[in-house]
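Please look over the sequence and the structure below before reading on. The paragraphs that follow go from the overall form to single residues.

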Amino acid sequence: MPNKQTTDAEWRKLLSPAQYEVLRQKHTEIPFTGRYNEQNGKGSYVCAACGEQLFDSTTKFDDNCGWPSFYDAKPGSVEFHQDDSHHMHRIEVRCANCGSHLGHIFDDAPDKPTGQRYCINSISLDFKPKKG
């Protein structure tokens, strides 16, 4: 299973070029183009790079921002880093297991229990439907 010790050469073999750009080079997919933006099935969202469980579908909501939005992550599944790129101050969200870039977190979801919006690139995720 890939993790933080996985080399760049290994990542290039494991990921598609588009996944590599987002997950390893911190690019952002074009809004409203991701496969999970309008996904509403029951299950779990996992890191597309390593399979770590990140978000439960019960925490997903439609914020109409162009990317999947969640109000909470599974405990210990993500880590946060300052991101001052593009002349903005944001908090980057990364997979705690492999360090892959997932998206950003914002404090602008007042009608949700945490008040937070995890704005996540679809290409950073895989969806595992709930069984049964």
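A compact globule of 132 residues would have a radius of gyration near 14 Å; the protein has 14 Å, so the two agree. This is a predicted model, and every value given here is computed from it. Taken along the principal axes, the C-alpha atoms fill a box of roughly 45 × 40 × 30 Å. The accessible surface comes to about 7400 Å², and carbon and sulfur atoms account for 49% of that surface. Of the 132 residues, 46% count as buried. Among contacts with a separation of 6 or more, 53% are made by residues 24 or more positions apart.

What elements make up the chain? The protein has two helices and nine strands. Read from the N terminus, the order is α-α-β-β-β-β-β-β-β-β-β.

Six of the strands build an open sheet, in the order 3-4-8-7-6-5 and with antiparallel pairing. Its edge strands are strand 3 (60–61) and strand 5 (78–83), each of which pairs on one side only. In general, strands of a sheet pair through backbone hydrogen bonds, either parallel or antiparallel.

Is Ser 69 buried or exposed? Its relative accessible area is 0%, so Ser 69 counts as buried. Apart from neighbours within four places in sequence, Ser 69 is in contact with Thr 59, Lys 60, Phe 61, Asp 63, Arg 117 and Tyr 118.

How many aromatic pairs does the structure hold? There are seven aromatic pairs. In one of them, the ring centres of Tyr 36 and Tyr 45 are 5.7 Å apart and the planes meet at 85°, so this pair is edge-to-face. Tyr 36 and Tyr 45 are both buried. Phe 55 and Tyr 118 form an edge-to-face pair as well, with 5.5 Å from centre to centre and 70° between the planes. Phe 55 lies in strand 2 (residues 53–56) and Tyr 118 in strand 8 (residues 117–120), so this pair ties together parts that are 63 residues apart in sequence. Phe 55 has a relative accessibility of 0% and therefore counts as buried. Tyr 118 has a relative accessible area of 4%, so Tyr 118 is buried as well.

The last stop is back towards the start of the chain. Where does Thr 6 lie? Thr 6 is in the segment before helix 1 (8–14). Its relative accessibility is 14%, and because buried means under 20%, Thr 6 counts as buried. The side chain of Thr 6 reaches the backbone nitrogen of Asn 3 at 2.9 Å. Not counting residues up to four places away in sequence, Thr 6 touches Trp 11 and Leu 14.

Note on methods: Residues are numbered from 1 along each chain as its sequence is written. This is a predicted model: local features need pLDDT of at least 70, side-chain atom pairs count only at pLDDT 80 or more; totals for chains, interfaces and linings use all residues. Side-chain values use heavy atoms; hydrogens and water are left out. Helices (H or I, at least four residues) and strands (E, at least two) are DSSP runs, numbered from the N terminus. Buried means under 20% relative accessible area, exposed over 50%, partly exposed in between (1.4 Å probe, protein chains only). A polar contact is a pair of N or O atoms within 3.5 Å; within protein, one must be able to donate a hydrogen and the other to accept it, and residues adjacent in sequence count only if both atoms are side-chain atoms. Contact means heavy atoms within 4.5 Å. Two strands pair if DSSP finds at least two bridges between them. Rings of Phe, Tyr and Trp (its six-membered ring) pair if their centres lie within 6.5 Å; planes under 30 degrees apart count as stacked, over 60 as edge-to-face and the rest as tilted. The radius of gyration is taken over C-alpha atoms; the globule rule is 2.2 Å times the number of residues to the power 0.38. Accessible areas come from the Shrake-Rupley method with a 1.4 Å probe; for residues, only the protein chains shown count as cover.
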